[in-house]
Amino acid sequence: MVENTFYQNYEVPEDLRFRTQDILRNGGLNCSAKLEPKYFENIFTPPNRITQVHVNLEFWPTGKEITVRGHVWGKRTVRCDRCLKETQQDFDETFLETASAKAEIIDIMLFVRQTLALTEDIQFLCSPDCKGLCAQCGKNLNDGPCECKPEILSPFAALKGKFK
């Protein structure tokens, strides 16, 4: 669903490619849209994915350029890097870009995709205190302790007892 809040006769393009002449003719543009997740399928490393995206856009001419302020928010499904459980997370980002007023088309989808790509964390966690999986049996330690004995992880453990 695409919705234009200030210019009811202007149809917001679903792919967010705006004609520069429309923006200049109106002296600017404010609009909002709910975007299909299919436009953002390859932004995150699988299995992480965008599931819901909304944008608010504000355009205003500034001489030879058009300034665009965007607010992007929605939901994403991410897999925890410690326990491998998939969780939903919210995201909320803004961007400020300029485009030439001489260009025929301003591709806002490019700015939205770049903004979302920058939200991908190096490590996703379901919670800051996630205990992860047991290295021996693979049980999710967030569900409770396992029966395994703690493994000695010292690199010098193999030398123990060799020098008496």
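Q: Which strands do the buried residues of H2 pack against?
A: In this predicted model, the buried residues of H2 pack against strand S2 (17-19), S4, S5, S6 and strand S7 (105-107).

Q: Which residues of H2 are buried?
A: A residue is called buried when its relative accessible area is under 20%. In H2 the buried residues are Ile 108, Met 109, Phe 111, Val 112, Thr 115 and Leu 116. They cover an arc of only 160° around the axis, so they lie on the same side of H2.

Q: What is found at the start of H2?
A: A side-chain oxygen of Asp 107 comes to within 3.2 Å of the backbone nitrogen of Met 109 there.

Q: How many residues are in the largest nonpolar core, and which have the most contacts inside it?
A: A core of this kind is built from buried residues joined through side-chain atoms within 4.5 Å. The largest one here has 29 residues, and Leu 16, Phe 18, Phe 59 and Ile 108 have the most contacts inside it. At least two residues of this core come from each of strand S3 (29-35), strand S4 (49-62), strand S5 (65-79), strand S6 (86-100) and helix H2 (108-117).

Q: In what sense do S5 and S6 pair, and over how many bridges?
A: The pairing of S5 and S6 is antiparallel and runs over 15 bridges. As an example of residues facing each other, Val 68 stands opposite Glu 97 in S6. The hairpin of S5 and S6 has six residues between the strands, and in this hairpin Leu 84 takes a positive phi near 65°.

Q: How many bridges join S3 to S4?
A: Seven bridges join these two strands, which run antiparallel. Within S4, Val 55 is the bridge partner of Ala 33.

Q: Is Tyr 39 buried or partly exposed?
A: Tyr 39 is partly exposed, at a relative accessible area of 22%, whereas Phe 40 is buried, at 1%.

Q: How are the rings of Phe 44 and Phe 124 arranged?
A: Phe 44 and Phe 124 form a tilted pair, 6.3 Å centre to centre, with 55° between the planes. This pair links distant parts of the chain, 80 residues apart: Phe 44 is in the loop between S3 and S4, and Phe 124 is in the segment after H2. Phe 44 counts as buried at 4% relative accessibility, and Phe 124 counts as buried at 3%.

Q: Where is Thr 20?
A: Thr 20 belongs to helix H1 (residues 20-26). With a relative accessible area of 0%, Thr 20 is buried.

Q: Which residues does Thr 20 touch, not counting residues up to four places away in sequence?
A: With those left out, Thr 20 touches Ile 66, Ser 100, Ala 101, Ala 103, Glu 104, Ile 105 and Ile 106. Thr 20 and Ser 100 are 80 residues apart in sequence, and in space they are 8.7 Å apart, C-alpha to C-alpha.

Conventions:
Residues are numbered from 1 along each chain as its sequence is written. This is a predicted model: local features need pLDDT of at least 70, side-chain atom pairs count only at pLDDT 80 or more; totals for chains, interfaces and linings use all residues. Side-chain values use heavy atoms; hydrogens and water are left out. Buried means under 20% relative accessible area, exposed over 50%, partly exposed in between (1.4 Å probe, protein chains only). Helices (H or I, at least four residues) and strands (E, at least two) are DSSP runs, numbered from the N terminus. Rings of Phe, Tyr and Trp (its six-membered ring) pair if their centres lie within 6.5 Å; planes under 30 degrees apart count as stacked, over 60 as edge-to-face and the rest as tilted. The arc is that of the directions from the helix axis to the C-beta atoms. Contact means heavy atoms within 4.5 Å. A polar contact is a pair of N or O atoms within 3.5 Å; within protein, one must be able to donate a hydrogen and the other to accept it, and residues adjacent in sequence count only if both atoms are side-chain atoms. Two strands pair if DSSP finds at least two bridges between them.
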